[in-house]
Every structure is written in structure tokens, then in C-alpha cells.
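Please open the model in your viewer and keep the sequence panel beside it. The tour below moves from one selection to the next and says what is to be found at each stop.

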Amino acid sequence: MAEVIARSTEALVGRSLPRREDLTLVRGQGTFVDDVHLPGLLHVAFLRSPYAHALVKGVDTSSARQQAGVVHILTGADLDLQIPTWMKLPDLRTPPRPLLARDRVLYVGEPVAAVVATDPYLARDAAESIDVDYVPLPPVVDAESALSPSSPRLYPEWKDNLLIHRAFRGGDPDGQFQRPDAVKVATRVVSHRYSPVPMENRGVVASYERGTGDLRIWASTQFPHVFGTLTSQVLGIPEHRIRVTAGNVGGGFGIKSAIFPDELVTCYLAHRLGKAVKWIETRSEHLLVAGHARQQVHDIEGAFLPDGTLLAIRDRIVADFGVYGTFWTEVQPAFLSALHLPGPYRLRHYSYDLSCVVTNKGPYGPHRGFGRPVGTLVIERLLDRAARELRLDPAELRRRNLIGPSEMPYTSIHGITYDSGDYPRAFSRLLELGGYQRFRATQEALRRNGRLVGVGLSMYVEYTAPGSGQLLKNLGWEVGGYEAATLRMDPSGKVTVATGLLSTGQSHETIFAQITADELGIPLDDVVVRQGDTSLAPYGFGAWASRGTVTGGGACILAARRLKEKLLAIAAHRLGVPVESVGLSQGVFRAAGSPRTLTVEEVATIAIRMPSLLPEGMEPGLEVTARYEPVTNTTCSYAAHLAMVEVDPETGRLSILKYVVIDDAGRLVNPRTAHGQVHGAVAHGIGGTIFEELRYSPEGQLLSSTFQDYLLPTSMDVPNVEVESLETPSRNPGGFKGLGEGGSIGAPAALAGALEDALAPWDIEVNETPLTPERVHGWISSAQSRRAGREGTGA
């Protein structure tokens with residue numbers, strides 16, 4: 001059963017306190033990469049391929065070298081460096097990832113040359129004057145066609161265009177489909193390609209000091225330590241000579257947990273020239289190169305009993321990975337789509353066949369939700385089709401298949417442990433808060449008045465904060481799942497928390513201070529949080545997989561407990577009482593039955609400045625580093641989404657009337673910031689489902705490389721999102737679960753379901769995204785033509 005979390009009136013965890021980060025940002029005092037200015041700073045611009053697939057016969061830089069302000073030009077002939085992989089699976093192919101193209105280009109936007117100049121505009125002008133002799137080759141732009149034996153191959157040394165093929169079979173799905181009472185439902189779901197589009201594009205400033213051999217890097221990244229490690233690995237610079245700093249980051253959304261050739265070329269140029277060098281990505285470069293994700297085709301079929309019970313699922317998946325999967329996630333997003341698909345539903349028989357395919361498009365990278373939005377979209381589309389076939393209410397069909405609280409911890413068909421939760425309770429509350437039954441009661445009357453209105457539902461389970469063993473065993477991924485925190489108390493009793501995590505909007509400075517102050521028993525104002533500097537923080541793996549609060553918060557708790565243990569021992573020694581009788585609250589030590597007290601400042605002063613007063617054998621100082629490694633199989637968040645929409649049949653425009661989320665992320669540190677993350681993620685999901693699309697021509701040209709063609713939602717398109725939280729604690733030190741990606745996972749499925757419900761009078765199947773006005777209007781027009789044809793023939 002769901003646990004009720006009791007909170008002390010003095011507790012800081014669980015309170016909606018103001019974000020510490022906001023004042024600096026609203027005053028315009030934040031420091032982003034482009035705000036870094038160094039003496040003698042040079043600027044880099046890249047010449048990028050205009051072809052999706054071509055041979056490079058020659059690169060003539062003679063004209064560019066004569067341009068004003070040009071300091072250096074680098075081409076692939078000068079640089080034979082590759083980006084390695086940290087994901088070691090025996091059946092995973094590792095395509096070449098050169099920092100600059102040499103003999104061939106494989107996608108529009110691939111870097112071919114880099115120009116260093118005294119001004120960014122001079123660098124761009126010079127880059128445009130470079131003459132490259134290209135010999136165009138046939139491009140591969142459709143993943144399903146790429147599987148044909150007659151398709152051109154991206155990599156001549158390969159026998160086909162497969163990055164990896166994976167097949168899974170759990171239970172006996174074929175046997176379930178052969179049952180005489182099985183009702184078979186099949187559909188095809190197409191998820192399109194789109195980008196995370198953070199407000200701040202990627203960017204790097206790098207400065208190399210020849211005298212010391214130190215390389216200083218400022219980057220817009222989600223993982224400073226990983227950035228430094230890979231830079232060392234690729235460039236051959238000792239890692240202890242590399243310092244990476246990430247100041248304010250204007251949105252990560254997954255793509256800044258990837259590292260691209262242009263970023264490493266910038267660091268290489270600083271090292272080679274012994275100068276400070278800056279590169280700031282343009283929006284067109286971002287759309288060409290960074291964050292391509294979500295493009296998958298699923299041919300899925302389900303077997304159901306007539307009462308709606310889900311028996312089995314079989315799925316054939318083709319994922320379009322573009323030229324390759326980016327460092328460091330490689331093919332993981334598609335793995336997660338398949339792994340995540342069962343969600344909160346009781347599924348004991350499941351098989352899939354997954355093909356990760358290379359095409360002449362930009363590389364496939366991490367994107368908020370990381371494959372899960374596609375998996376959720378696919379299963380929820382199947383459930384809606386089944387409800388229609390079986391003539392069941394879609395809500396009732398879902399309710400009959402939800403895993404119950406008495407089954408927790410639940411082991412999924414993949415062996416994933418769902419640690420805690422009450423899915424039926426969340427779903428029932430969603431229907432209640434969303435007014436589902438009231439809407440159904442009035443829907444037909446609204447339709448008779450000419451209004452096309454509909455409601456859609458979705459639920460998901462998000463596996464967050466995976467442990468090191470799980471990452472290595474299941475993915476061959478040489479990445480740690482732990483996180484570290486260093487707590488340092490000064491003689492005044494104030495605490496500095498240093499974390500290897502980096503906030504890209506998740507409020508780390510606020511929530512880690514709340515967690516630490518609560519655990520120590522000191523005022524919130526006595527704690528500050530430092531992050532984003534590899535020279536100051538213990539090694540960390542960054543913010544991804546909705547892991548920050550679980551792992552970073554867990555490390556803060558463990559470090560605070562160790563620090564508090566030492567403080568209590570010192571206080572007990574000075575008070576002359578047993579340590580178990582001493583407590584710490586609001587910065588004051590008190591012993592039971594004694595009027596004497598000590599302040600934290602007094603104890604800290606003894607520990608640091610007067611160590612002769614410490615208990616015998618105790619070392620001076622108050623600094624502790626702790627690492628939290630997730631010990632459970634996974635920490636599973638979940639949520640239920642409801643969307644109500646209306647469609648204009650004349651234009652195909654989709655308007656969102658209502659959006660409700662019931663979320664369970666375990667123990668909430670700061671409900672206000674938690675709900676803010678849900679709001680933002682839902683907006684992200686709305687944009688990706690309705691507006692955004694990376695569209696390619698048959699020649700492999702990106703047709704939406706500016707915001708004139710790549711549309712984003714505005715404040716008028718995003719409704720007020722109603723969020724209510726359940727709190728079933730997880731099995732980790734704080735009871736926390738991941739949160740930051742969830743809203744983007746449930747939104748596509750809820751919106752697609754709501755649109756199909758609105759178009760039910762036309763018997764339209766919504767099986768492809770994005771849900772643009774053009775596509776919706778086309779569906780309606782086709783349905784009208786079919787109806788007119790039937791009426792004309794008397795059918």
C-alpha cells in the first residue's frame with residue numbers, strides 16, 4: 001500500500017521554498033558560455049557539408065587563408081582523431097566518428113573544416129570561402145528502405161545498414177495469440193524526428209597554457225567530469241591537467257549529455273594554438289546536428305481477452321539513428337523504448353524485434369524522456385485501439401490491466417523491479433480530477449452541436465537512477481551510476497556542499513541545501529551548494545536519467561550523516577555526556593537532562609582551530625565525501641496523464657482544453673519546483689507532439705533548419721497544467737524518485753488519444769506524429785471523401 005509521509009513542522013524537505021537560483025537569473029547576472037571573455041580570445045566557425053552523402057576529393061583553403069583576421073584553418077587531412085564509445089556490446093557496431101570529415105561526408109551539417117579568426121563573423125566568412133570538391137553519392141533517408149539488400153550502404157565495410165539488431169522474447173506470446181478466445185488487435189505507430197531545442201545552444205570556450213600544460217574548458221554541458229574525461233581520452237591530454245567549468249546552462253534536455261565533434265575540435269584548437277578559443281553554436285547548426293531523436297516505426301499487435309485483459313504483445317521496431325548514435329548514449333534510446341513499453345500494465349508475454357538503422361541524417365542523441373515517450377505512445381495507442389475493438393471504455397480497459405499495490409515490489413517481464421507505487425489509485429484520482437465521467441456525459445451533446453472534442457489517457461513507469469552494475473551488465477556501459485557529495489563545514493559552522501552533478505534548471509542549489517540542512521539539523525541559510533567545476537567537486541556523472549535527486553540527494557544524506565556523527569561526538573565530549581543523549585536542532589546541541597548547550601559554530605571552531613580539545617584519536621577538520629550507489633534494481637517513478645482537446649475541422653488545428661497530471665516521484669523535496677518541472681516537461685511534450693519536426697527531403701536535406709520552419713509552442717498553445725502528487729517513498733536514503741523527464745513521457749500518448757477520440761465520428765486512426773494541422777486536416781478530408789464515396793454508392 002502507498003505510505004503516508006509524516007513531516008515535522010520544522011522539516012525543510014517537503015516545503016515549497018523559493019528557488020535560490022532565480023534572483024541571479026532574473027537580474028541578468030547568470031554566466032553562460034557566451035558570457036566568458038578572455039584576453040586575446042579567438043573564435044571558431046565550421047564549414048559543414050551541404051550534402052547528405054558524398055565523397056570528399058579535395059579541400060582548398062587557399063582563399064580562406066587570405067581572409068582578414070584568419071589565424072588558423074583545420075581540415076580532416078590535418079586531424080585523424082575519433083570519438084570512442086563507452087558502450088561495449090559484442091553485437092554493437094561502432095561506426096567511425098571523426099572530429100572532421102576526411103574522405104566522405106555522411107550527413108548535411110557534418111563538420112569538414114574549422115576556421116579560427118579574431119572575430120566570429122570573420123571566421124564564418126572565411127569558412128564559406130573554402131572550396132570543397134564533393135562527388136555526391138546516393139543518400140539513404142528512410143530507415144525501413146535502408147534495410148533492403150539493394151539499399152546503398154553508409155559504411156562500405158558493413159554488409160548492411162544495421163547498427164544493432166535485438167530480439168527479445170518473454171513468456172509465450174505466440175501461444176497467447178493462438179488461444180481461441182484471444183482477440184487480436186494490430187496497428188502501426190510512427191513516431192517522428194525532433195530536437196530538444198534548449199534555449200541556450202551548445203558552446204565551448206577553451207584556453208590552453210603552454211607553460212603549465214593546463215587546459216581550461218567552459219562548456220554548456222550536463223556532465224562536466226565526463227566532458228573532461230572524454231577530452232583527455234580523445235586529445236591525449238592528462239586528465240588532471242584539464243579543468244571543466246559549467247556555469248549556468250540554458251537547458252539541457254538530454255542533448256547536453258552528449259559530446260559532439262565540434263566541441264572537441266574547439267578544445268583541440270586551443271591546445272594546438274596555445275590560445276583561448278570560443279565556439280558558440282547557431283540555431284541552424286543545432287537543428288542540423290544536435291538532438292535528433294524519437295524517429296521509430298512500430299508494427300505492434302496485442303492479444304486480449306474479450307473482457308479487455310491484456311494477454312500478450314508482439315512488436316517489430318525500426319529506429320532511424322541517422323549517421324550514428326551520439327557519445328555516450330549510442331543506441332540506448334531505442335532499447336529504452338522497447339524496455340519501457342509495458343509500463344504500469346500487467347504483461348507476462350512480450351516479444352519484440354528491434355532494428356537500429358543508420359541513415360544519412362544527423363546523429364541520434366539523448367532527448368528528454370530518452371526513448372520512453374515512444375514506448376508509452378505505442379502501448380497507449382494499442383490500448384485505445386483494443387478498447388474500440390472490444391467496445392470498452394478506454395479508462396476501464398486500462399484499469400483492468402494495471403498492476404496493483406499489493407503486487408509491489410513487482411518484477412516486470414524484463415526483470416525490472418518496480419519498487420513502490422499505487423497505480424490504480426493514481427489513475428482513479430486522474431479520472432476524478434480531470435472530470436472524465438462528466439466529460440463523457442456531455443461529449444455527444446457537444447458533438448451534435450458541431451464540436452469535435454475528445455479525451456485521452458496515458459500512464460507510464462519511468463526507471464530512474466540506474467546503478468553501476470545494471471548499466472554495465474545490461475548495456476555494456478562503462479559508466480558509474482553513483483553520485484558523490486563533499487560537505488565542508490568552516491569554523492563558523494556554515495556548510496558548503498560540492499557536487500559533481502550540474503543543474504540545468506532542476507533547482508539543485510535549493511533542494512540539495514534543503515536535504516543537507518534537514519539532515520544536519522542546521523538552518524537552511526547556513527548551507528550553500530557549489531556545482532559545475534571539476535576542480536572543486538568530487539567526480540560525478542551528471543544529470544540524466546532523472547537521477548539527480550535520487551543519487552545526488554542520497555550522497556548529501558550519507559555525507560551529512562557522517563558529518564553529523566562527528567559533530568555529535570565532539571559535542572558529547574565537550575558536554576561530558578554520552579553521545580546518544582545529544583541532539584542537534586536549529587544549529588544547537590542539547591543533551592537530554594542537561595541545561596548546557598553548544599552551538600554548531602562552537603563545535604566547528606574546536607574541530608578546526610582547537611584540535612587539542614577533540615576526543616583522543618580524532619582527526620581535526622570537518623570535511624566528508626560520500627557516494628551513493630543505487631542498491632535497488634531501479635527507482636521507478638510513474639504518472640497518469642489526461643488531455644482534453646478540441647479540433648477545428650476546417651483547419652485541423654488542435655486546441656488543448658484541459659491537461660491533468662497525477663505524479664508520484666516519491667518523497668518530494670520541494671513540491672513547487674517539482675511541479676514546475678512537470679509543467680515544463682509537459683510543455684516539451686506538447687511541442688514535440690504537435691508542432692516540432694525535423695523534416696528531410698528525399699535528397700537528405702533538412703527542410704526545417706530554422707525556427708521559421710521548425711515550430712515551437714507559445715504560451716497560447718500550452719494550457720494550465722493541473723498537477724497533483726502522490727508520495728510513495730522509494731527504497732533509498734531519502735525515499736526520492738526521479739522526476740525531471742516525466743511530463744514529456746506521458747504527453748504524446750495522451751494527446752494522440754484525445755485527438756483520436758475527438759475524431760471518432762470519422763473513424764480516424766491517429767497513428768502518426770506530429771499532430772500538425774496539415775496532417776489532421778488531411779485525415780479529416782480523407783475521411784470525408786471515404787464517407788461521400790460510400791454514400792454515393794449506397795454502401
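Begin by selecting H340 and V461, where the backbone oxygen of V461 lies 2.9 Å from a polar atom of the H340 side chain. Before going further, note that this is a predicted model, in which local features need pLDDT of at least 70 and side-chain atom pairs count only at pLDDT 80 or more, while totals for chains, interfaces and linings use all residues. Residues are numbered from 1 along each chain as its sequence is written, and side-chain values use heavy atoms, with hydrogens and water left out.

**Stop 1: around H340**

H340 belongs to helix α9, residues 332–340; helices (H or I, at least four residues) and strands (E, at least two) are DSSP runs, numbered from the N terminus. If neighbours within four places in sequence are set aside, the residues in contact with H340 include R372, Y460, Y463 and I745, contact meaning heavy atoms within 4.5 Å.

**Stop 2: the sheet with β18 and β26**

Now display the open sheet of four strands whose order is β18-β26-β27-β28, with mixed pairing; two strands pair if DSSP finds at least two bridges between them. Its edge strands are β18 (452–464) and β28 (721–726), each of which pairs on one side only. Strands β26 (residues 635–647) and β27 (residues 654–664) run antiparallel and are joined by ten bridges, and V647 stands opposite L654 in β27. Helix α13 packs on this sheet, touching β18 and β26, and its direction makes about 145° with that of β18; axes are lines fitted to C-alpha atoms, for helices over the stretch in contact, and angles run from 0 to 180 degrees between N-to-C directions.

Within α13 (residues 436–448), select Y436. Is Y436 buried or exposed? With 0% relative accessibility, Y436 counts as buried, and, apart from neighbours within four places in sequence, its contacts include D393, P394, V455 and L642.

**Stop 3: the sheet with β20**

Centre the view on β20 (residues 495–499), which pairs with β21 in the parallel sense over five bridges; the bridge partner of V497 in β21 is V529, and A498 stands opposite R530. With β19, by contrast, β20 runs antiparallel, joined by five bridges, and A485 has T499 as its bridge partner in β20. Four of the five residues of β20 are buried, so this strand is largely enclosed by the rest of the structure. In the hairpin of β19 and β20, with five residues between the strands, look for G493, which takes a positive phi near 85°.

**Stop 4: helix α3**

Finally, select helix α3 (residues 120–128), in which A123, A126 and A127 are buried. Seen down the axis of α3, the buried residues fall within an arc of 100°, so they line one face of the helix; the arc is that of the directions from the helix axis to the C-beta atoms. Y121 and E128, on the other side of α3, are exposed. The cover over the buried residues includes β1 (42–48), α2 (62–65), β3 (70–75) and β5 (111–117). At the N-terminal end, D119 caps α3, with a side-chain oxygen 2.7 Å from the backbone nitrogen of Y121.

Methods. Polar contact = N/O pair within 3.5 Å; in protein donor to acceptor, adjacent residues only side chain to side chain. Buried < 20%, exposed > 50% of the residue type's maximum accessible area, 1.4 Å probe, protein only.
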